[in-house]
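Here is a friendly briefing to read alongside the model.

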Amino acid sequence: MDAFTAVGMLLTVIAILFLAYYGTRIVAKFRLGNFKVPVKENKNMQIIDQLILGQDIRLVLVQVGERYLLLGISSGAISTLAQLDPEEAQLWLHEKDSDSLQAANPSFKDAFVEAFKNRRK
């Protein structure tokens with residue numbers, strides 16, 4: 001293998017790394033990788049809380065008017081698991097409010113993600 005071949009391969013690797021780096025920066029800038037559908041504010045229906053159990057399985061607490069429903073959502077179906085009384089839902093909401101007070105002391109994971117975001121800027 002002669003010197004010109006080695007230099008050519010090295011330049012090719014550098015060019016690929018350069019393009020990959022700036023390609024991901026462009027994707028992040030325009031949020032092309034974020035496929036979340038924007039949700040309009042709705043006064044009659046709200047997602048109160050959700051718990052992700054697997055890749056495509058989650059539990060969702062939904063308020064529809066005055067009713068509170070606990071739904072099981074998978075890729076193939078949505079099932080009503082329970083209907084909560086307004087008193088039970090208020091307990092859930094108060095517990096969630098107390099959790100937001102604990103947000104002042106974030107977990108290690110949350111602090112790490114925040115520090116990583118600040119470093120990128």
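Valine 62 touches Met45, Gln46, Ile48, Arg67, Tyr68, Leu69 and Leu71, leaving out residues up to four places away in sequence; contact here means heavy atoms within 4.5 Å. This is a predicted model, in which local features need pLDDT of at least 70 and side-chain atom pairs count only at pLDDT 80 or more, while totals for chains, interfaces and linings use all residues. Residues are numbered from 1 along each chain as its sequence is written, and side-chain values use heavy atoms, with hydrogens and water left out.

- Valine 62 is found in strand β2, strands being DSSP runs of E with at least two residues and helices runs of H or I with at least four, numbered from the N terminus.
- With a relative accessible area of 8%, valine 62 is buried (buried is under 20%, exposed over 50%, partly exposed in between, with a 1.4 Å probe and protein chains only).
- The C-alpha atoms of valine 62 and isoleucine 48 are separated by 5.5 Å, although the two are 14 residues apart along the chain.
- Glutamine 63 also lies in strand β2 and is buried, at a relative accessible area of 17%.
- A polar atom of the glutamine 63 side chain lies 3.1 Å from the backbone oxygen of glycine 65.

**The sheet**
- Four strands form an open sheet in the order β1-β2-β3-β4, with antiparallel pairing; two strands pair if DSSP finds at least two bridges between them.
- The edge strands, each pairing on one side only, are β1 (45–52) and β4 (78–84).
- Seven bridges join β1 and strand β2 (residues 58–64) in the antiparallel sense, and aspartate 49 has leucine 61 in β2 as its bridge partner.

**The nonpolar core**
- The largest nonpolar core has five residues: Ile48, Leu61, Tyr68, Leu84 and Ala89.
- Such a core is a set of buried Ala, Val, Leu, Ile, Met, Phe, Trp, Tyr and Cys residues joined through side-chain atoms within 4.5 Å.
- Leaving aside neighbours within four places in sequence, tyrosine 68 is in contact with residues including Val62, Gln63, Pro86 and Leu93.

**Aromatic pairs**
- The structure holds two aromatic pairs (ring centres within 6.5 Å; planes under 30 degrees apart are stacked, over 60 edge-to-face and the rest tilted).
- Phenylalanine 18 and tyrosine 22 have ring centres 4.7 Å apart and planes at 55°, so this pair is tilted.
- The rings of tyrosine 21 and tyrosine 22 have centres 4.9 Å apart and planes at 85°, so that pair is edge-to-face.
- Ring pairs link Phe18, Tyr21 and Tyr22 into a cluster.

Methods. Polar contact = N/O pair within 3.5 Å; in protein donor to acceptor, adjacent residues only side chain to side chain. Phe/Tyr/Trp six-rings, centres within 6.5 Å; stacked < 30°, edge-to-face > 60°.
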